[in-house]
Amino acid sequence: MKNSLTIEEKVLTPKKGWKVLIASILVYIAAIFGIVFSAMGMESHVNSLVAVGVIGFVICLLYVCVGWIWWLGLKVIRPNEALVLTLFGRYVGTVKSEGFFFVNPFCVSVNPAAKTQLKQSGDVSNTSIVNGTTTTVNTAVSNKISLKVMTLNNNRQKINDCLGNPVEIGIAVMWRVVDTAKAVFNVDNYKEYLSLQCDSALREIVRIYPYDVAPGIDTTGDGIADEGSLRGSSEVVAARIREKISEKVEFAGLEIVEARITYLAYAPEIAAVMLQRQQASAIIDARKMIVDGAVGMVQMALDKINKEGICDLDDERKAQMVANLLVVLCGNKDAQPIVNTGSIY
C-alpha cells in the first residue's frame with residue numbers, strides 16, 4: 001500500500017525546558033514587582049511619572065495574566081516515548097529524546113489511539129471493580145506515543161482450515177511503533193488498524209493449512225504435497241502470520257516483532273467427533289505396531305525350533321502354532337491355555 005501524500009517523520013531536538021522555566025519564573029517575579037512600583041508611580045504628582053506608571057502597570061499586569069502560556073510548551077518525555085506535534089493543523093515534528101524540553105506553546109500533541117482500549121498491554125483502563133461493582137475511574141489520557149514493544153492478544157477466531165473443518169485459534173502479536181508520522185497521519189487509529197489486520201492475516205494463513213497432517217495437501221504453494229499442519233508446524237505458521245501482518249501494517253509505521261499461536265483447538269461442534277477420529281487413528285497405529293512385532297516373534301520362534309531340532313512340524317501344525325501365537329501376542333487379555341496330556345496327533 002503506497003500513498004503519494006505520506007508524511008515523512010521529522011525528529012525534533014527542542015531546547016531544554018529548565019532554562020525557559022527559570023527565565024519565565026524570574027520574569028513573573030519582575031512583573032509582580034513592576035506592578036507594585038508602577039502603582040507607586042501613578043500616585044506621584046508628576047505627570048510624566050504617572051504616564052510611565054500607567055504604561056508599566058498595564059504591561060506588567062498583562063504579562064501576569066498571559067505569561068503562563070509559556071508553561072504550556074514545557075514537556076516531559078520519558079524513555080521510549082514520543083510526542084507528535086502539530087501547529088494549526090500542520091505537522092511540525094516528533095520529539096523522541098527523553099528529558100525536559102520546551103516546544104512552541106501553541107503546538108498540539110496528537111495521538112488518535114490514546115483512548116483506544118484493546119486486549120493488549122499498555123492500554124488505559126477507565127473501569128475498576130470494587131466488591132463486585134464496576135465503577136468508572138477518571139484517568140488522565142496522555143497523547144504521548146509509546147515506542148515500547150507491546151503485546152496484542154485479540155479474541156480467538158473461528159476459522160475453517162483447508163479441509164473445511166472449523167478450528168478456534170488465538171495469537172499474541174508483539175509490536176511497536178517505528179514511524180510516528182505514519183502511525184498518526186496515514187491511518188485513522190493505528191491500534192484498531194493493527195487489530196483488524198491481525199485478524200485478516202490470521203484468516204488468510206490458517207485457511208491454507210489443515211488442522212492435522214492430511215495426505216495430498218500443498219501448504220507451501222510449490223505444487224507438491226507436504227506434511228504441513230497447524231498442530232505440527234506451529235512455528236512455520238506463526239512465522240507466515242508475522243510476515244503477512246508486517247506487509248499490511250508497514251503503511252502505518254508499525255513493526256511486528258513476533259507472533260505466537262496461543263490457542264489452537266477444533267471448534268466445539270466437531271471437537272467430540274474429531275477426538276474419536278484421533279483415538280481411532282491411534283488405536284489403528286498401535287495395533288499395526290503390535291501385529292508387526294507379533295509376526296516377528298512368531299518367525300523367530302519357528303526359526304529357533306528348526307535350528308535347535310526340537311521337533312519337526314508339518315505345514316498344518318506350523319499354521320496352528322502361528323495362529324495360537326498370534327492370538328496370545330495380539331489379544332487384549334491374557335490367554336487361558338488348554339493343556340493336552342495325550343498325543344498331539
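Okay, let's start at Q197: skip the neighbours within four places in sequence, and Q197 is in contact with I245, K248 and V249, where contact means heavy atoms within 4.5 Å. Before I go on, this is a predicted model, with local features needing pLDDT of at least 70 and side-chain atom pairs counting only at pLDDT 80 or more, while totals for chains, interfaces and linings use all residues. Residues are numbered from 1 along each chain as its sequence is written, and side-chain values use heavy atoms, with hydrogens and water left out.

So, is Q197 buried or exposed? Q197 counts as buried, because its relative accessibility is 18% and buried means under 20% relative accessible area, exposed over 50%, partly exposed in between, with a 1.4 Å probe and protein chains only.

Q197 sits in helix 4, residues 190-206. Helices here are DSSP runs of H or I with at least four residues, strands are E runs of at least two, and both are numbered from the N terminus. Helix 4 is largely enclosed by the rest of the structure, because twelve of its 17 residues are buried. Among those buried residues are Y190, L194, C198 and A201. At the N-terminal end, N189 caps helix 4, with a side-chain oxygen 3.2 Å from the backbone nitrogen of K191.

Now the core. By nonpolar core I mean a set of buried Ala, Val, Leu, Ile, Met, Phe, Trp, Tyr and Cys residues joined through side-chain atoms within 4.5 Å. The largest one has 41 residues, and W175, V177, Y190, L194, I245 and L254 touch the most other members. Which element gives the largest share of this core? That's helix 4, with eight residues.

Last stop, strand 12, residues 157-160. Its covered face has Q157 and I159, and its uncovered face has K158 and N160. In a regular strand the side chains alternate between the two faces of the sheet. Strand 12 runs antiparallel to strand 13, joined by four bridges; for two strands to pair, DSSP has to find at least two bridges between them. I159 has V167 of strand 13 as its bridge partner. Five residues lie between the strands of that hairpin, where G164 takes a positive phi near 90°.

Key:
Polar contact = N/O pair within 3.5 Å; in protein donor to acceptor, adjacent residues only side chain to side chain.
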